[in-house]
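Dear colleague,

I am handing over a structure that you have not worked with before, and below it I have written out what was found. Please read the notes with the structure open beside them.

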Amino acid sequence: MGLTLHQIVEFLEAEVLAYPEGLDRVVTHAQGSDLMSDVLAFSHPNCLLITGLANHQVIRTAEVAGLLGVVVVRSKRPAEAVIILAQECEVPLLSTRLGMFDACGTLFSRGIRGMSDLARPRPR
Amino acid sequence: MTDPKHSQQGPLQLVQTFTIKGDDFAAAGSVSLAVKRLLKEVGFPPDALRRVAITAFEAEMNVVMYGGGGEVELLLAPGTARLVVRDHGPGIPDLDLAMQEGWSTATAAMREMGFGAGMGLPNIRRNATRFNIDTAPGQGTTLTADIDI
């Protein structure tokens, strides 16, 4: 089950910007969001983040939450400092020309699932 | 947290103090990554490590966005980590409101960074085993959060 990041690069016609060493990671779940606090609240470790943001906080969010990688949509090109940070944090960083909806739909049609079916950590 | 020197698990020892620069959005989050790496090196277990990192990150973003800078103390006792996050900002006028998911005073610039959705303090509550916020208008804010293994 799931797709490797190598396969995801192919399906999304993506460019690998950082940490190609991590492309063997296997993805089963993904989350599409531009709200990093939502990612921190709702994501589970070992999921892939698909986002329209391309700043430092996206990479730090990915590392803090233990995500498998980040896909930036709509051909956005993160600043060089962001790419360097992703490499340092060992976060595979991909960029695709596809929009958010198309990128999510492409991965969903190949079996990647969202976070909705996974239990959300309960507020205390 | 009635006894500030002790966690539920035992006496706390200060490991390191980190400085957070206010309004430096490019650096925002770097202290939390340093905390995470330090705890990883001492063998803190992954699930608790993730909870510490998320708590630290949300608190750090608040200090950068609203607090005008501050500091983070990381303390450890067997079985628990404590974060004390202090800023010198304006304080939180209505804490009950700030604890509600979705309530926010963020600016457009903060939202463009992917923060300011009103999830910060609720995320801290979700991830900390115990937490306390000491704040008053004009007196800054101090967050104390314990994360038990």
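Two strands are said to pair if DSSP finds at least two bridges between them. In this predicted model, strand β6 (residues 69–72) of chain A and strand β7 (residues 93–95) of chain A pair in the parallel sense, over three bridges, and within that pairing Val71(A) has Leu94(A) of β7(A) as its bridge partner.

Both strands belong to an open sheet of five strands in chain A, which runs in the order β2-β7-β6-β5-β4 with mixed pairing. Its edge strands, each of which pairs on one side only, are β2 (15–18) and β4 (29–32) of chain A, and neighbouring strands of the sheet are turned against each other by 25 degrees on average, direction ignored.

In chain B, helix α1 (residues 30–41) packs with helix α2 (residues 46–67) at an angle of about 160 degrees, the axes being 8 Å apart. Because angles over 145 degrees count as roughly antiparallel, α1(B) and α2(B) are roughly antiparallel to each other. Among the residues that make this contact are Val35(B) and Leu39(B) of α1(B) and Val52(B) and Phe57(B) of α2(B); by class, the contact has eight nonpolar, one polar and three charged residues.

Lastly, the contact between the two chains takes 21 residues from chain A and 21 residues from chain B. On the side of chain A that touches chain B, α2 (36–42) and α3 (56–65) of chain A each supply at least two residues, and α3(A) gives the most, with seven. The residues of that side divide into 11 nonpolar, five polar and five charged.

With best wishes

Terms used: Residues numbered from 1 in each chain as written. Chains lettered and ligands numbered in written order. Predicted model: local features only at pLDDT ≥ 70, side-chain atom pairs only at ≥ 80, totals over all residues. Axes fitted to C-alpha atoms, helices over the stretch in contact; angles between N-to-C directions. Helix = DSSP H or I, 4+ residues; strand = E, 2+ residues; numbered from the N terminus. Parallel < 35°, antiparallel > 145°, perpendicular 65-115°, else oblique. Contact = placed C-beta atoms within 7 Å. Nonpolar A, V, L, I, M, F, W, Y, C, P; charged D, E, K, R; others polar.
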